[in-house]
Amino acid sequence: TGAGAAVALIASGYTYFIWYHPWAIVIFTAEIIWMGIALKRGKSNLLLIDGLYWLVLGAPLVVFFYGGVMGQDAQHTFIIVLKQGLNGVLNTLVAWISLSLLTPFSGQSNAHGRRRKSPYDQTIFQMAAFFLMIPALGILLVLNHREVSATQARILDEMQANQDSPRNP
């Protein structure tokens with residue numbers, strides 16, 4: 001968990017340079033700590049562990065930091081919750097699928113000396129989740145595009161209103 005948190009801290013550190021705030025670093029590092037604690041407790045469904053993180057801790061942290069500390073409006077904050085949560089869960093799913101595919105070739109064996117294989121129910125769950133998340137990603141992209149368009153229109157309207165109003169001496 002400590003090594004994972006250190007890697008998450010370093011990897012998410014880049015967000016400070018593109019977003020100019022440290023809040024995503026805190027949220028993404030907390031996600032890895034949550035995952036590490038759950039894995040140490042014997043939990044094995046990475047997707048459910050990460051989904052639970054976003055429901056219980058991740059979304060409230062985004063609302064607190066983005067809506068509270070940074071003062072973003074509710075709609076913008078909601079879109080950030082969706083984007084970061086979907087991104088975290090999708091990244092976890094891709095990592096879990098990759099680990100499942102690599103395990104049979106890694107030489108790891110079970111107690112009977114046979115190579116471990118990904119159970120069919122786990123593989124079906126992973127594939128179903130993946131194919132259900134693709135439309136969710138598409139919907140999120142459309143929502144994000146609408147939000148950007150609405151913001152640009154609002155800024156343009158404000159600029160035109162300021163340009164048309166008489167200037168006070």
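Reply: Let us start with residue classes: Ala, Val, Leu, Ile, Met, Phe, Trp, Tyr, Cys and Pro count as nonpolar, Asp, Glu, Lys and Arg as charged, and the others, Gly among them, as polar. In this predicted model, the lining of the largest pocket has 14 nonpolar, 13 polar and 4 charged residues.

Me: How much space lies in the largest pocket, and which residues lie nearest its centre?

Reply: The largest pocket holds about 740 Å³ of space. Its lining consists of 31 residues, with Phe28, Glu31, Gln84, Asn87 and Asn91 nearest the centre. The largest contribution to this lining comes from α5, with 9 residues.

Me: What classes of residue line the second largest pocket?

Reply: That lining has 11 nonpolar and 2 polar residues, and no charged ones. The space in the second largest pocket is about 280 Å³. Among its 13 lining residues, Val81, Leu82, Gly85, Leu86 and Ala136 are the closest to its centre. Here too α5 gives the most, with 5 residues.

Me: How is a pair of aromatic rings described?

Reply: Such a pair is described by the distance of the centres and the angle of the planes. The whole structure contains 7 aromatic pairs. One of them joins Tyr16 and Phe17, with 5.8 Å centre to centre and 85° between the planes. Planes over 60 degrees apart count as edge-to-face, and this pair is edge-to-face.

Me: Is Phe17 buried or exposed?

Reply: Phe17 is exposed, at 59% relative accessibility, whereas Tyr16 is partly exposed, at 39%.

Terms used. Residues are numbered from 1 along each chain as its sequence is written. This is a predicted model: local features need pLDDT of at least 70, side-chain atom pairs count only at pLDDT 80 or more; totals for chains, interfaces and linings use all residues. Side-chain values use heavy atoms; hydrogens and water are left out. Rings of Phe, Tyr and Trp (its six-membered ring) pair if their centres lie within 6.5 Å; planes under 30 degrees apart count as stacked, over 60 as edge-to-face and the rest as tilted. Buried means under 20% relative accessible area, exposed over 50%, partly exposed in between (1.4 Å probe, protein chains only). On a 1 Å grid over the protein atoms alone, a cavity is a set of points where a 1.4 Å probe fits but cannot get out, and a pocket is an open set with protein on both sides within 12 Å along at least five of seven lines; lining residues have an atom within 4 Å of a point. Grid points are joined across faces, edges and corners, and a volume is the space filled by probe spheres set on the points. Helices (H or I, at least four residues) and strands (E, at least two) are DSSP runs, numbered from the N terminus.
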